[in-house]
Amino acid sequence: MREIRFHLIERIKTKTFLQGLKFYAGYGLRNIFQIRKNHNEELLTEEMTEEKIVENFHKLYYENGERTMYNTYWMGKRVVKSPLDLWIYQEIFFKIKPDLIIETGTRHGGSALFFANMCDLLDKGKIISVDIHRDDEIPEHDRITYMTGSSVDPKIIQNIKKIIEEMTKEESLSVIVILDSDHTKKHVLNEMELYSDLVSKGSYLIVEDTNVNGYPVEPNYGDGPMEAVNDYLSNNDDFEVDNDMEKFFFTMNPHGFLKKTS
Ligand SMILES: C[S@@+](CC[C@H](N)C(=O)[O-])C[C@H]1O[C@@H](n2cnc3c(N)ncnc32)[C@H](O)[C@@H]1O
């Protein structure tokens, strides 16, 4: 209101009283009759559909990786995930209350530390994080076991199974698997075949970075995680895509949150 009054006074001062009055009356009428469109409607013009807004934001986020996904920290450790996806992880962990979270692809260890800290809050759970390279600065935490080697190396699989055997007493374990290592279709499909059996019924196999190869980023990536998921699901019926995990519109893992149904 103060701004309008100022505007009007300024107009009067500059002898354009009629102009000022027109502005004031127009503003008043628009507000009284709520002629001004709802902001969301303005965004959802014909060209700017909901899908387009999400796609554009996804591209903006991804193409500015140095500012966004490579500049995201959990407790001072870099984590290459979007905060919205991390929140979904937190909701999944609360629901599943996992005994074990297996992650392929450690990188800086920020995701492993995030998982471990979520387990601290739940007061249960261990993390196994596998990477072919070992970063010197990865965070130490009692709940985390790091393994160095390829996620599809039979020795690594054997070591993971040994830990599961040791942890399994009378009751079966609830296990979540997160695939975030080499993102080529061949490797991800191989991982899905090797790790899907380790996921407990009702729990999740999360395939990260299904957004590459045009979904909607990096259109020239080549076959990647999305193609691996599609291939796997067309030959197996033990998992289904949980679209509810995409409720925040933007996720780096579209169709990548797979719930074990049998
Ligand atoms: C996207 S980063 C992991 C990011 C991490 N999970 C996070 O959220 O912060 C991918 C990692 O996968 C590792 N990697 C690549 N090929 C692999 C393989 N065959 N087996 C295990 N890890 C691999 C890379 O060394 C790299 O550290």
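Where is the place of Val-199 in relation to α8 and β7? Val-199 lies in the loop between α8 and β7, where helices (H or I, at least four residues) and strands (E, at least two) are DSSP runs numbered from the N terminus. The structure is a predicted model, in which local features need pLDDT of at least 70, side-chain atom pairs count only at pLDDT 80 or more, and totals for chains, interfaces and linings use all residues. Residues are numbered from 1 along each chain as its sequence is written. The protein has 9 helices and 9 strands.

**Val-199 and its surroundings**

- A residue is buried if 20 or more other C-beta atoms lie within 10 Å of its own, exposed if 12 or fewer, and partly exposed in between, with C-beta atoms placed from the backbone.
- Val-199 counts as buried because it has 21 C-beta neighbours inside 10 Å.
- Two residues are in contact if their C-beta atoms, placed from the backbone, lie within 7 Å.
- Not counting residues up to four places away in sequence, Val-199 touches Val-175, Ile-176, Val-177, Tyr-204, Leu-205 and Lys-260.
- The C-alpha atoms of Val-199 and Ile-178 are separated by 9.9 Å, and these residues are 21 apart along the chain.

- Two strands pair if DSSP finds at least two bridges between them.
- Strand β6 (residues 175-179) runs parallel to β7 and is joined to it by 3 bridges; Val-177 stands opposite Leu-205 in β7.
- Strand β9 (residues 257-260) pairs with β7 in the antiparallel sense over 3 bridges.
- Within β9, Phe-257 is the bridge partner of Ile-206, and Lys-259 is the bridge partner of Tyr-204.
- β6, helix α8 (residues 185-195) and β7 make a right-handed β-α-β unit; a crossover is right-handed if, with the strands pointing away from the viewer, the path from the first strand over the helix to the second runs clockwise.

**The nonpolar core**

- A nonpolar core is a set of buried Ala, Val, Leu, Ile, Met, Phe, Trp, Tyr and Cys residues joined through C-beta atoms within 7 Å.
- The largest such core has 45 residues, and those with the most contacts inside it include Phe-115, Tyr-204 and Leu-205.
- The largest share of this core, 7 residues, comes from α6.
- Leaving aside neighbours within four places in sequence, Phe-115 is in contact with Ile-101, Glu-103 and Ile-127.

**The ligand shell**

- The ligand is surrounded by 20 residues, the closest being Gly-105, Arg-107, Ser-111, Ser-181 and Asp-182; a residue is near a molecule if its C-beta atom, placed from the backbone, lies within 6 Å of it.
- Two or more residues of this shell are given by each of β3 (100-104), α6 (110-122) and β4 (126-131).

**Backbone features**

- Most residues other than glycine have a negative phi, and most peptide bonds are trans.
- Lys-97, in the loop between α5 (83-96) and β3, has a positive phi of about 50° although it is not a glycine.
- His-255, in the loop between β8 and β9, has a positive phi near 65°; His-255 is buried, with 20 other C-beta atoms within 10 Å.
- A cis peptide bond, with omega about 10°, joins Tyr-215 and Pro-216.
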